[in-house]
Amino acid sequence: MKKLRIVCVGKASKPFCREGCDEYLKRLKGFYDVSVVEIPEQPTMRKECDEILRRLGEKQCVLMDIGGESISSENLAKLVTSEHERCDELTFVIGGAEGVDERVRKVAKRRISFGSVTYPHQIARLLLLEQLYRAATIIKGIPYHK
């Protein structure tokens with residue numbers, strides 16, 4: 001089974017975010033082996049990025065970045081499909097409140113954005129999980145995406 005991994009700073013501590021994330025993780029498990037790696041918030045962005053890079057190892061990632069390419073649900077589905085043709089695991093990274101530094105941007109194969117507005121990292125995680133589920137249904141031709 002293909003893998004999706006989300007490396008993110010902070011916990012989904014707000015009940016509505018936690019419940020929403022849990023729901024989409026449950027739905028995604030029918031399509032992928034999904035895991036979420038939570039990195040504790042640190043006093044500095046540099047320390048958070050040190051931990052992100054440690055968790056990534058030598059792997060590339062897709063960085064969720066306000067300065068990244070705006071992507072449609074259909075194009076996210078294409079991205080997931082094309083990356084899974086090359087390897088079994090696709091990793092997405094969501095930085096903390098201050099974002100990420102250039103070291104993390106350099107290891108990102110792609111940088112994508114859900115628009116030019118800023119979301120709290122908990123909501124960004126929920127949005128990413130929902131969009132990954134939507135992408136999975138697009139890929140499988142299941143009527144969720146409209």
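This is a predicted model: local features need pLDDT of at least 70, side-chain atom pairs count only at pLDDT 80 or more; totals for chains, interfaces and linings use all residues.
1. Five strands make up an open sheet, and their order across it is E2-E1-E4-E3-E5. The pairing is parallel. Strand E2 (33–39) and E5 are the edge strands, each pairing on one side only. On average, neighbouring strands in this sheet are turned by 30° against each other, with direction ignored.

2. Strand E3 and its partner E5. E3 covers residues 61–70 and E5 covers residues 108–113. Six bridges join E3 and E5, in the parallel sense.

3. Strand E3 and its partner E4. E3 also pairs with strand E4 (residues 89–94), again in the parallel sense, and here the pairing runs over three bridges. Val62 stands opposite Phe92 in E4, and Met64 has Ile94 of E4 as its bridge partner. As background when reading side chains off these strands, in a regular strand the side chains alternate between the two faces of the sheet.

4. Helix H1 against helix H5. H1 (residues 15–28) packs on H5 at an angle of about 20°, and the two axes are 9 Å apart. Angles under 35 degrees count as roughly parallel, so H1 and H5 are roughly parallel to each other. The crossing of H1 past H5 is left-handed. On the H1 side the contact includes Phe16, Cys17, Gly20, Cys21 and Tyr24, as well as Leu25, Arg27 and Leu28. On the H5 side are Gln122, Ile123, Arg125, Leu126 and Leu129, together with Glu130, Leu132, Tyr133 and Ala136. By residue class, this contact between H1 and H5 has twelve nonpolar, two polar and three charged residues.

5. Helix H3 against helix H5. The axes of H3 (residues 73–86) and H5 (residues 121–140) come within 8 Å, and they cross at roughly 75°. That angle makes H3 roughly perpendicular to H5. From H3, the residues that meet H5 are Ser73, Glu74, Leu76, Ala77, Val80 and Thr81. Their counterparts in H5 are Gln131, Leu132, Arg134, Ala135, Ile138 and Ile139. The contact of H3 with H5 comprises seven nonpolar, three polar and two charged residues. Leu132 of H5 is listed in the contact with H3 and also in the contact with H1.

6. Glu58. This residue is in the loop between helix H2 (45–56) and E3. Is Glu58 buried or exposed? Glu58 counts as exposed because its relative accessibility is 81%, and the cut-off for exposed is over 50%. Glu58 and Glu89 are 31 residues apart along the chain, and their C-alpha atoms are separated by 13 Å.

7. Asp101. This residue belongs to the loop between E4 and helix H4 (102–107). Its relative accessibility is 12%, so Asp101 counts as buried; the cut-off for buried is under 20%. Which residues does Asp101 contact, leaving aside its neighbours within four places in sequence? They are Met45, Arg46 and Cys49.

Definitions and conventions
Residues are numbered from 1 along each chain as its sequence is written. Side-chain values use heavy atoms; hydrogens and water are left out. Axes are lines fitted to C-alpha atoms, for helices over the stretch in contact, and angles run from 0 to 180 degrees between N-to-C directions. Helices (H or I, at least four residues) and strands (E, at least two) are DSSP runs, numbered from the N terminus. Angles under 35 degrees count as roughly parallel, over 145 as roughly antiparallel, 65 to 115 as roughly perpendicular and the rest as oblique. Contact means heavy atoms within 4.5 Å. Ala, Val, Leu, Ile, Met, Phe, Trp, Tyr, Cys and Pro count as nonpolar, Asp, Glu, Lys and Arg as charged, and the others, Gly among them, as polar. Two strands pair if DSSP finds at least two bridges between them. Buried means under 20% relative accessible area, exposed over 50%, partly exposed in between (1.4 Å probe, protein chains only). A crossing is left-handed if the near helix is turned anticlockwise from the far one by less than a right angle, and right-handed if clockwise.
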